[in-house]
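Here is a short briefing on a structure with more than one part to look at. Keep the picture beside you as you read.

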Amino acid sequence: MKILPRNLARLVRTTAFKLLAVYLVVFAVFALFMIGYVAWHTRQLIEGQVAENVGAEVRFLAEQYRMGGIQRLVFVIDRRTRRPGSNIYVLANFAGEVLASNVSDLPLGLLDSPGTQFTAYRRSEEPGAKENLAFVQVFLLPGGYRLLVGRDVEERDTVRRLVVRPAQGALVLILVLGLVGGFFVTRRVLKRIDSMTATSETIMAGDLSGRLSVAGTGDEFDRLALSLNAMLDRIEGLMAGLKEVSDNIAHDLKTPLTRLRNKAEAALRGAHSDAEWRSALEGTIEESDALIRTFDALLMIARAEAGQALDTMAEIDLKEIAENVAELYEPLADEQGLDLTVEAGRVQVRGVRELLAQALANLVDNAIKYGLPKDGGRGRIAVRLSRDGDLAVLEVSDAGEGIAAKDRERVVERFVRLDTSRSRPGSGLGLALVAAVARLHGGTLAFADAEPGLRVALRLPALPVEGLAQ
Amino acid sequence: MSATRETDQDFAMRLLLIEDDRDAADYLRKAFREAGHVVEHAADGEAGLALALDGRYDVLVVDRMLPRRDGLSVVAELRRRGEATPALILSALGQVDDRVMGLRAGGDDYLPKPYAFTELLARVEALSRRAAPQAADTLYRVGDLELDRLAHRVARGGKDIPLQPREFRLLEYLMRHAGQVVTRTMLLENVWDYHFDPQTNVIDVHVSRLRGKIDKGFEVPLIHTVRGAGYMVREGLR
């Protein structure tokens with residue numbers, strides 16, 4: 001695998017690689033410490049054993065001396081030096097004359113300093129043998145005799161060779177492998193980051209349909225990709241909504257604008273009297289007022305859908321709104337031949353008071369416009385507010401024509417009016433606004449048959465009942 | 001200008017209009033003058049603030065988006081300096097939270113563009129302290145109609161008229177602004193505390209019910225409809 005220097009530099013700069021490097025260094029320091037500790041401990045152990053061994057030997061020889069004098073001691077040492085082994089012995093008289101020994105080349109004066117120490121020596125039976133290190137104890141015997149007993153400590157160095165060196169080698173190997181492995185791991189991470197960056201660049205270039213790839217491993221990259229994808233879905237949805245709104249605005253504002261222009265033009269061409277001028281002007285003002293209302297409603301829907309009114313959300317007493325709006329519309333309903341009744345329990349929601357009131361007003365307004373029974377009798381509108389589990393249910397039902405099941409989904413779209421003759425006033429935006437308000441509050445809008453008539457239910461997440469929650 | 005003809009000329013106000021759009025400013029200046037008011041004009045926020053600090057005005061009409069200093073900041077600065085002249089903010093932004101921001105900055109009323117001049121005129125006149133002499137009284141009186149704000153009692157010609165709570169508040173608002181035009185949206189805002197457009201003539205029906213209780217059986221009607229604008233309570237037309 002060829003790694004270009006430029007790529008290498010990029011790898012080294014990544015967070016993953018830096019983390020890995022730091023981890024490796026920390027690991028190496030700990031490993032060194034461990035090896036050092038083991039080595040030191042082993043050495044202590046071996047040295048302890050050697051010292052004990054030598055001490056036991058000295059005690060044994062001293063005992064022999066006490067029992068049989070110098071002759072017995074010489075005899076015993078002589079016998080011992082002939083045995084193979086790593087013990088060394090020197091016995092000298094007060095003049096330094098060696099009586100029995102299996103070593104040569106001891107440092108001068110060594111026999112004059114009693115106690116324990118390390119010293120170099122050569123075995124006398126192997127001429128040309130290399131100098132070895134030994135732990136020795138010098139002991140003064142009565143009569144000026146000096147006894148040296150020692151033990152070769154090459155064993156100790158062997159252990160070090162067996163334990164420490166391979167451990168050091170392994171450490172170096174681990175570091176090298178760790179570094180190489182780090183490169184590969186980092187490269188993998190970098191690859192995924194690069195692919196994410198590339199995807200987001202295409203998205204930024206305008207292709208909102210692009211999505212980050214998800215490996216399916218459930219790791220942090222997947223979680224990030226999933227969350228970014230969800231964000232992209234939302235943005236795409238908002239953009240689509242925005243496009244739809246602007247398309248609708250273009251279409252549905254141009255129609256009344258054209259009417260407005262036509263009216264003005266017709267007046268210029270055909271009006272002759274003051275009264276005619278006046279009525280033409282009044283007509284244009286009426287048209288422009290309708291236009292403004294449509295525009296306001298569209299803006300309100302767009303803002304409710306974009307979630308912009310969330311800032312003004314507060315705890316709202318829906319009962320107050322239901323009763324207020326019913327009270328506001330009751331005289332109008334009465335005048336139009338409908339009885340409006342309200343039945344409201346205490347339910348609170350988190351929301352925007354103005355928008356909720358406007359939504360209910362739109363529903364009641366629709367009920368007044370379309371809620372008269374076909375048989376020509378008095379109509380009735382019922383506003384009901386109740387709690388259904390975690391939901392606040394705000395219902396408006398009438399006894400009018402209702403909405404055919406096939407049209408129920410369509411009516412909440414902007415500018416959809418089932419009254420094809422358009423004989424009754426309205427912008428076709430009322431229910432679209434109600435639906436947008438419902439969505440803004442995390443609720444739903446549903447239409448049902450009231451047999452006869454229409455029952456519209458606005459369901460919103462209710463706040464917990466005070467006092468009952470505890 | 002049907003509203004203009006019926007407005008009392010004794011309530012001539014001094015207005016300061018802070019508006020950068022030349023056409024809009026010219027139109028408003030002319031229209032306010034025709035309604036009998038004195039209008040001064042500033043074309044940007046700083047100039048407007050300097051003029052308004054004099055405190056010689058009855059009402060300020062402030063556009064929200066202005067060069068050099070925006071309208072909300074002009075009003076906020078005036079309030080900071082203790083200048084309490086009522087201010088109406090005009091804005092192309094008409095949503096709930098925009099209005100809240102406007103009122104929070106110290107504005108007394110908020111009117112989204114585009115508006116009918118009759119609406120603006122009615123609101124400006126309602127803001128003027130001189131034009132609302134009854135505001136602080138506990139007893140409002142128009143002709144032989146009396147409204148006692150403390151006892152919640154209404155009587156005409158000495159005879160008690162029972163009213164529903166909402167009807168009482170409606171009449172109270174109309175009588176506080178006796179002699180002034182009160183528009184439908186002003187009633188919806190001040191009596192019901194809603195700022196949305198009710199689309200149909202819901203307010204008209206409430207007023208006509210109230211009228212049925214107040215004016216029915218009396219020779220002189222007190223609640224008048226001002227065509228193309230709204231309503232006015234006053235003792236007969238001059």
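Helices (H or I, at least four residues) and strands (E, at least two) are DSSP runs, numbered from the N terminus. On that basis, chain B has 9 helices and 12 strands. The model is predicted.

**Chain B overall**

- Chain B has 238 residues, and 41% of them are buried.
- Take the contacts in chain B between residues at least 6 apart in sequence: 61% of these join residues at least 24 apart.

**The parallel sheet of chain B**

- Five strands of chain B form an open sheet in the order β2-β1-β3-β4-β5, with parallel pairing.
- At the edges are β2 (38-42) and β5 (109-112) of chain B, and each of them pairs on one side only.
- From one strand to the next, the twist averages 20°.
- Strand β1 (residues 14-18) of chain B pairs with β2(B) in the parallel sense, over 5 bridges.
- Within that pair, B:Leu16 sits opposite B:Glu40 of β2(B).

**Helices of chain B**

- Helix α3 (residues 45-52) of chain B lies across β1, β2 and β3 (59-63) of chain B. Its direction is at about 160° to β1(B).
- Helix α4 (residues 71-80) of chain B also packs on the sheet, where it touches β1, β3 and β4 (87-91) of chain B. Its direction makes about 145° with that of β3(B).
- Helix α6 (residues 117-127) of chain B is largely enclosed by the rest of the structure, because 9 of its 11 residues are buried.
- Among the buried residues of α6(B) are B:Thr118, B:Leu120, B:Arg123 and B:Glu125.

**A closer look at B:Asp63**

- Where is B:Asp63 found? It is in strand β3 of chain B.
- An unreviewed UniProt entry annotates B:Asp63 as "modified residue: 4-aspartylphosphate".
- Is B:Asp63 buried or exposed? A residue is buried if 20 or more other C-beta atoms lie within 10 Å of its own. B:Asp63 has 25 C-beta neighbours inside 10 Å, so it counts as buried.
- Setting aside neighbours within four places in sequence, B:Asp63 is in contact with B:Ile18, B:Glu19, B:Asp20, B:Gly71 and B:Leu90.

**The six-strand sheet of chain A**

- Six strands of chain A form an open sheet in the order β2-β1-β6-β5-β4-β3, with antiparallel pairing.
- Its edge strands are β2 (98-101) and β3 (103-104) of chain A, each pairing on one side only.
- Strand β4 (residues 115-123) of chain A runs antiparallel to strand β5 (residues 132-141) of chain A, and 7 bridges join them.
- A:Tyr121 has A:Asn132 in β5(A) as its bridge partner.
- Helix α2 (residues 15-82) of chain A packs on this sheet and touches β1 (87-92), β2, β4, β5 and β6 (145-152) of chain A. The direction of α2(A) makes about 140° with that of β6(A).

**Strands that pair with β13 of chain A**

- Strand β11 (residues 391-398) of chain A pairs with strand β13 (residues 454-461) of chain A in the antiparallel sense, over 7 bridges. A:Val396 stands opposite A:Val456 in β13(A).
- Strand β12 (residues 444-449) of chain A also pairs with β13(A) in the antiparallel sense, here over 6 bridges. The bridge partner of A:Leu445 is A:Leu458 in β13(A).
- The hairpin of β12(A) and β13(A) has 4 residues between the strands. In this hairpin, A:Glu451 takes a positive phi near 45°.

**Two packed helices in chain A**

- Helix α5 (residues 274-305) of chain A packs against helix α8 (residues 430-440) of chain A at an angle of about 20°. Their axes are 8 Å apart.
- Angles under 35 degrees count as roughly parallel. The helices α5(A) and α8(A) are therefore roughly parallel to each other.
- Their crossing is left-handed.
- Residues of α5(A) that meet α8(A) include A:Ala297, A:Met300 and A:Ile301. On the α8(A) side, A:Ala432, A:Leu433 and A:Ala436 are among those involved.

**Where the chains touch**

- In all, 23 residues of chain A are in contact with 20 residues of chain B.
- On the chain A side, the elements giving two or more residues are α5, α6 (318-335) and α7 (353-370) of chain A.
- Which element gives the most to that side? It is α6(A), with 7 residues.

How values were computed:
Residues numbered from 1 in each chain as written. Chains lettered and ligands numbered in written order. Predicted model: local features only at pLDDT ≥ 70, side-chain atom pairs only at ≥ 80, totals over all residues. Pairing = 2+ DSSP bridges. Axes fitted to C-alpha atoms, helices over the stretch in contact; angles between N-to-C directions. Contact = placed C-beta atoms within 7 Å. Buried ≥ 20, exposed ≤ 12 C-beta atoms within 10 Å, placed from the backbone. UniProt positions renumbered as here; feature names shortened; annotations may be inferred. Parallel < 35°, antiparallel > 145°, perpendicular 65-115°, else oblique. Left-handed = near helix turned anticlockwise from the far one by under 90°.
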